Amino acid sequence: MSDMDLVSTAGNIAARGTVGTIQAETGEGSIEISFADTAPAGSRQRLATRTGSIVVGVTDQLDARVRMATSAMFSSDYSIQVERHDGEEPNKTAHAVIGTPNADVLLESRRGEIRLQRRVVYRPTPEEPSPQTSESESTP
């Protein structure tokens, strides 16, 4: 497990298969993160950008409360509750619980779209038995 602290003034930030906690912040860039599995219990992770979009891929085993804030659009594969805050920026927040709420994940963008996507864990199927080979019944 390793924790990551990523900061950029205006560039994009991307990480896949993160294990441990992640803190990511950029001014004008976008953030794209794919969590490997469960968020560490008791952790608080924050992904923030002023104007860029945020795309986060998680599994059903994330075990976290996800809080989102933006003035743009939310897109989620999970049920979310949206609250509007007219006259504020960001002008709306949303909340989702994925699995058991043992950790917090904060997604914040003033003007960028926030997408919370469900990632399916790849589990290979057991190999099928190889076909039986038949030997000819000829005698030498």
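## Contacts and overall make-up

Among contacts in the chain (heavy atoms within 4.5 Å) between residues at least 6 apart in sequence, 50% join residues at least 24 apart. The model is predicted, so that local features need pLDDT of at least 70 and side-chain atom pairs count only at pLDDT 80 or more, while totals for chains, interfaces and linings use all residues. Residues are numbered from 1 along each chain as its sequence is written, and side-chain values use heavy atoms, with hydrogens and water left out.

The secondary structure comes to zero helices and twelve strands, where helices (H or I, at least four residues) and strands (E, at least two) are DSSP runs numbered from the N terminus. Of the 140 residues, 36% count as buried, which denotes under 20% relative accessible area with a 1.4 Å probe and protein chains only.

## The open sheet

Five strands form an open sheet in the order β2-β4-β6-β12-β8, with parallel pairing; two strands pair if DSSP finds at least two bridges between them. Because β2 and β8 (74-76) stand at the edges with a single partner strand each, one side of each is left without a neighbour in the sheet.

Within the sheet, β4 and β6 pair in the parallel sense over four bridges, and I33 stands opposite V56 in β6.

Leaving aside its neighbours within four places in sequence, L107 is in contact with residues including V56, V66 and I114.

Methods:
Buried < 20%, exposed > 50% of the residue type's maximum accessible area, 1.4 Å probe, protein only.
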